Amino acid sequence: MKMGSEQTTLDLPTVRAFKKDLQEIVEREARSKSHMRSADRRGAYATPRNTAKVGDAFGMLDSITPVQRSTGRSNKRKAPFETPSVPKSTKADGMSSPSDGRSLLTRTDQNGNQSVAFVERQNPGQIIETLNGHLDFHKPPIAPYPESRVKLTANTDLKKFRYRPMAMHLSEASEVLDDRIDEFQSLIQSHYNLDDSAFGNAAARGTNQIVAVGRIASDSSEGKLNAASIVLEMSRRTGAGLRVPLKVESISYEFFPGQIVAVRGINASGDYFSVDEVLNIPLLSLAASQQSTIDSLNERLGVTEEEDHSMPSKALNVITGSGPYTSDDNLAFEPLNALCQKAEESCADMLILIGPFLDTEHPLLASGDFDLPDDPSIEPDRATLVDAFRLLIAKPLQALAKAIPSITIVCIPSTRDVMNKHVSWPQDNLPGKKLGLPKQAKMVSNPVTVSINEI
């Protein structure tokens, strides 16, 4: 503050001069603070400098300048140590264009572990375990067989799997469950030679002993099945679809939820059914083949009565593989090609392939970022997953069927298959003709039970 002499009088000009001096001081301090804030803002967006090493800002000269280690304490790293989703270019190629990242995934997986390509795997073809080692190995023939030596029979009704997912009504499901109970009741009646009057409603009160057929269930959706929670669910034809508690204190039992049982007892009070006996369900008949069928199979295999049936040259050669048939970093399907090559070299009689073939959980298929092999019949902009299956899966199988016309290929779908319309279990078979599979390929459902030469 500017001060005048002692003779300065307090009048209007003096007050105006004091006001002017005070205003200049306040404005000067405000300009000084504003300049300091602008300098701080410019420093926040400046190019970062790494004081821990000698080099340029962006690491362009790291490959030609030596790196010096810092002797002081380094700053705390805020970002976690993890493998980036897109690998960065190497320091040696720092001035080159960045790669697409897919070629480097063959070396390091998402966990940072080094992976080995399929063609560079160690001990290919190594036998891990052998069953019945006293038997001789199969000796492949000099030339493929002129016709198939396999008689394939499906013991499952494949047409039942052609349903529409989540399109079944509750009434249809209830009818299926009731038909199952009525079917077991017919088996019990024919096996024990019982009259129709011997069966009755376990939920109805009565003084006579009856036989009740139903499904074991629990009175609560939670907890394990025990003697206090066990109930018998009957069909609508015999028991109006009711559930009645079972009293099984006088017998020894082994029940599980969903089991269909036939029990003999009485319901004297109308509150529960007291079980005196559990009737055993008749077992299925033993599998048997006619002698003519066995003779035709031996003739197909080229085995006569005078020859030893355990000769390795006459034995069936069956190869089984389970998907997925490619690694997560590519769609080369090298394991599938190696499996087909092994089947061709050994002249396999049957090749069983279990899905998934085109896996929904494959990273490239899930993202859609992949290229198909060149094919003149497919337009790249209009390619579909059916075209991908034709080129990646069906093509090696067609080559195998052409090399060994007598082979039988069985394809079983998986819940992770892209091409199957059933995303839940059970599943219908794959559309073989649509996917371009050879005629030697047999499409079956999941699950399925098949017989190979009566086995």
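Strands β3 and β4 run antiparallel and are joined by three bridges. Within this pairing, Val231 stands opposite Pro245 in β4. The model described here is a predicted one.

**The barrel**

The pairing of β3 with β4 is part of a closed arrangement: five strands form a barrel in the order β2-β3-β4-β6-β5, and the pairing is mixed. Direction ignored, neighbouring strands of this sheet are turned by 60 degrees against each other on average. Helix α2, residues 170-192, packs on the sheet and touches β2 (210-218), β3 (230-233), β5 (260-266) and β6. The direction of α2 makes about 140 degrees with that of β2.

The parallel sense is found between strand β4 (residues 243-247) and strand β6 (residues 273-279), which pair over two bridges. Here Leu246 stands opposite Phe273 in β6. Strands of a sheet pair through backbone hydrogen bonds, either parallel or antiparallel.

Met350 has Thr408 in β9 as its bridge partner.

| Strand pairing | Sense and bridges | Residues facing each other |
|---|---|---|
| β3 and β4 | antiparallel, three bridges | Val231 and Pro245 |
| β4 and β6 | parallel, two bridges | Leu246 and Phe273 |

**The largest pocket**

Rolling a probe the size of a water molecule over the atoms shows where empty space is left. The largest pocket has a volume of about 1,500 Å³, and 43 residues line it. Phe137, Asn317, Val318, Ile319 and Lys342 are the lining residues that lie nearest its centre. The elements that contribute two or more residues to this lining are α4 (291-301), β7 (318-322) and α5 (334-345). Helix α5 gives the largest share, six residues. By class, the lining of the largest pocket comprises 21 nonpolar, 17 polar and five charged residues.

**The cavity and an aromatic contact**

One cavity of 30 Å³ or more is counted, and the largest cavity holds about 30 Å³ of space. Its lining consists of Pro324, Thr326, Leu331, Phe333, Phe357, Leu358, Asp359, His362 and Leu365. These lining residues divide into six nonpolar, two polar and one charged.

The structure holds three aromatic pairs. In one of them, Phe357 and Phe389 are edge-to-face, at 6.2 Å centre to centre and with 70 degrees between the planes. This pair links distant parts of the chain, 32 residues apart: Phe357 is in the loop between β8 (350-354) and α6 (363-367), while Phe389 is in helix α7 (residues 385-403).

**Backbone geometry**

Most residues other than glycine have a negative phi, and most peptide bonds are trans. A cis peptide bond joins Gly323 and Pro324, with omega about 5 degrees. Asn132, a residue other than glycine, has a positive phi, near 55 degrees. Asn132 is found in the loop between α1 (12-44) and β1 (152-154).

How values were computed
Residues numbered from 1 in each chain as written. Predicted model: local features only at pLDDT ≥ 70, side-chain atom pairs only at ≥ 80, totals over all residues. Heavy atoms only, no water. Pairing = 2+ DSSP bridges. Helix = DSSP H or I, 4+ residues; strand = E, 2+ residues; numbered from the N terminus. Axes fitted to C-alpha atoms, helices over the stretch in contact; angles between N-to-C directions. Contact = heavy atoms within 4.5 Å. 1 Å grid on protein atoms, 1.4 Å probe; cavity = no way out; pocket = protein on both sides within 12 Å on 5 of 7 lines; lining within 4 Å. Points joined across faces, edges and corners; volume = space filled by probe spheres on them. Nonpolar A, V, L, I, M, F, W, Y, C, P; charged D, E, K, R; others polar. Phe/Tyr/Trp six-rings, centres within 6.5 Å; stacked < 30°, edge-to-face > 60°.
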